[in-house]
Amino acid sequence: MPVNAEVLPTPTRLPPDDAMYVVGSLIRYILIIVIVVFGIIPTLCGTVFPPFSALWSILKAVSPYAWASMGTGIGIALSILGAAWGILTSGASISGAAIRAPEIRSKNLISIIFCEAVAIYGVILSIIMMGKIQASSSSVSSGGAYNYGTIVGGYTLFAAGIAVGIGNMACGIAVGIVGSSCAIADAHSSSLFVKVLVIEIFASALGIFAVITGILMAQKVQMK
């Protein structure tokens, strides 16, 4: 029995598509916590925030292998977060818009593939970074301190993980939002699919830039 198109809901943008609002709120809450913990509480308690020299001594005491491992974990975690966020936003809109136009389901799966590729970028870089973390007796000098190459390598891998993780998370959110719009536009008019897909391809390329940057940073690291 044919379904009357007039009674079907018009596809609209869903609440999960407000990803940037959620990201902005998260950053705002983190800043508030940092200000309260390190600024307001020490002031009310009559204490002084420790000097930067003391903070640097604390950070310098952390093992370079710990920095490298944290960078690897943060990189893959943020990449998966961005991919999941993108799949959530685009998948919800594809499912909703398919009620009005069921024929859009197959070709709009490319948005899900683009989002999944973001997680693969993070996995690839994590494998490369884990291959660079190799402990050996030569990484520690006779005085018990780590040599210069090991220290630089730990900081470099940590920075690479942060850069790739944030880049892939932004890429996943962008692809998800554009993919959501692509599904809605395709449900209204199939001629708009290719035009919006071009925008989605450019959004997906952002993750490739982040991965290339991370590979270049980790390429010459020698933690031995």
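Colleague: What makes the length of helix 6 (residues 193-219) agree with its number of residues?

Modeller: This is a predicted model, and here the check goes as follows. The expected span is 1.5 Å times one less than the number of residues. Helix 6 has 27 residues, so it should span 39 Å, and its end C-alpha atoms are 39 Å apart, which agrees.

Colleague: And what about helix 4, how does its span compare with what 24 residues should give?

Modeller: Run through the same rule, helix 4 should span 34 Å; its end C-alpha atoms sit 36 Å apart, so that counts as agreement too.

Colleague: Which residues of helix 6 are buried, and what do they pack against?

Modeller: Among the buried ones are F193, L197, E200, G207 and A218. The buried residues of helix 6 pack against helix 4 (109-132) and helix 5 (148-188).

Colleague: Which helices do the buried residues of helix 4 pack against?

Modeller: Helix 3 (64-100), helix 5 and helix 6. The buried set in helix 4 includes F114, C115, Y121, G122 and M129.

Colleague: Why is helix 5 called roughly antiparallel to helix 6?

Modeller: The two helices pack at an angle of about 175 degrees, with their axes 9 Å apart. Angles over 145 degrees count as roughly antiparallel, so helix 5 gets that label relative to helix 6. By class, their contact has 21 nonpolar, eight polar and two charged residues.

Colleague: Why is D186 called buried?

Modeller: Buried means under 20% relative accessible area. D186 has 3%, so it is buried. D186 belongs to helix 5. Leaving out residues up to four places away in sequence, D186 touches I104, K107, N108 and F193. That last one, F193, is itself among the buried residues of helix 6.

Colleague: Then why is I199 called partly exposed?

Modeller: Partly exposed runs between the 20% cut-off for buried and the 50% cut-off for exposed. The value for I199 is 49%, so I199 is partly exposed. I199 lies in helix 6.

Colleague: Where does the record put transmembrane regions?

Modeller: The unreviewed UniProt entry annotates "transmembrane region" over residues 29-59, 65-88, 109-131, 151-180 and 192-218. In the model, residues 65-88 are 100% helix and 0% strand, with end C-alpha atoms 34 Å apart. Residues 151-180 are also 100% helix and 0% strand, and there the end C-alpha atoms are 44 Å apart.

Technical notes. Residues are numbered from 1 along each chain as its sequence is written. This is a predicted model: local features need pLDDT of at least 70, side-chain atom pairs count only at pLDDT 80 or more; totals for chains, interfaces and linings use all residues. Side-chain values use heavy atoms; hydrogens and water are left out. Helices (H or I, at least four residues) and strands (E, at least two) are DSSP runs, numbered from the N terminus. Buried means under 20% relative accessible area, exposed over 50%, partly exposed in between (1.4 Å probe, protein chains only). Contact means heavy atoms within 4.5 Å. UniProt positions are given in the numbering used here, feature names are shortened, and annotations may be inferred rather than shown by experiment. Axes are lines fitted to C-alpha atoms, for helices over the stretch in contact, and angles run from 0 to 180 degrees between N-to-C directions. Angles under 35 degrees count as roughly parallel, over 145 as roughly antiparallel, 65 to 115 as roughly perpendicular and the rest as oblique. Ala, Val, Leu, Ile, Met, Phe, Trp, Tyr, Cys and Pro count as nonpolar, Asp, Glu, Lys and Arg as charged, and the others, Gly among them, as polar.
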